[in-house]
Amino acid sequence: MAIGDSRTPKPGARPRRAKIRRTWRRLARHTGLYLKDDVVTTAQALLSSDTRRPQPKIRTPKLIDLEIDPYGMTIDFRPVPSVGRDEFERQLPHLANFWGMVRASVTSPTPE
């Protein structure tokens with residue numbers, strides 16, 4: 001899955017790349033692009049007590065590659081279950097606004 005910005009890159013493209021990498025996990029949680037994993041692992045079960053339940057794990061789509069090209073940026077994600085293309089399309093205006101993009105789109109790679 002890729003999100004791209006179609007405007008030309010500015011000289012400050014490297015700080016923008018760093019900001020996207022640094023803020024992605026928190027932004028994903030705020031926009032609802034995460035999976036709440038309630039499955040208890042063996043280690044959590046052994047370490048938890050009767051009065052305290054283990055906290056669910058929050059899984060966000062992994063940011064695989066962030067590439068700056070003459071037309072803007074391409075950001076590749078590895079989706080998690082229940083967070084796919086439809087969810088990214090729904091949250092795209094919020095992501096574009098937060099990252100300062102004028103235009104953005106979501107594309108999926110085609111199987112070869």
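Thr23 touches Phe98 and Trp99, leaving aside residues up to four places away in sequence; contact here means heavy atoms within 4.5 Å. Thr23 is found in helix α1, residues 13-31. Helices (H or I, at least four residues) and strands (E, at least two) are DSSP runs, numbered from the N terminus. Thr23 counts as buried, at 17% relative accessibility. The cut-offs are these: buried is under 20% relative accessible area, exposed is over 50%, and partly exposed lies in between (1.4 Å probe, protein chains only). The side chain of Thr23 also reaches the backbone oxygen of Lys19, at 2.7 Å.

This is a predicted model, in which local features need pLDDT of at least 70, side-chain atom pairs count only at pLDDT 80 or more, and totals for chains, interfaces and linings use all residues. Residues are numbered from 1 along each chain as its sequence is written, and side-chain values use heavy atoms, with hydrogens and water left out. The predictor's confidence in each residue is its pLDDT, from 0 to 100. The protein averages 80, and 80% of the residues score at least 70. Among its elements, strand β1 (residues 2-5) has the lowest mean pLDDT, 60. Strand β2 (residues 35-37) has the highest, 90.

Now turn to helix α3, residues 85-99. Its buried residues are Phe88, Gln91, Leu92, Leu95, Ala96 and Trp99. Gln91 is also the site of a kink of about 55 degrees, shortly before the proline Pro93. The bend at a residue is the angle between axes fitted to the seven residues ending there and the seven starting there. Just after α3, Gly100 takes a positive phi of about 75 degrees.

How many salt bridges does a search of the whole structure find? It finds 2. A salt bridge is a side-chain nitrogen of Lys or Arg within 4 Å of a carboxyl oxygen of Asp or Glu. Side chains of opposite charge can pair when their charged atoms come close.

Arg85 forms a salt bridge with Glu89, their closest N and O atoms being 2.9 Å apart. The two are 4 residues apart in helix α3, so about one helical turn separates them. Arg85 is partly exposed at 35%, and Glu89 is partly exposed at 38%.

Glu87 and Arg90 meet in a salt bridge as well, at 4.0 Å from N to O. Both lie in α3, 3 residues apart, about one turn of the helix. Glu87 is partly exposed at 22%, whereas Arg90 is exposed at 57%. An α-helix has 3.6 residues a turn, so residues three or four places apart point the same way.

Definitions and conventions
Polar contact = N/O pair within 3.5 Å; in protein donor to acceptor, adjacent residues only side chain to side chain.
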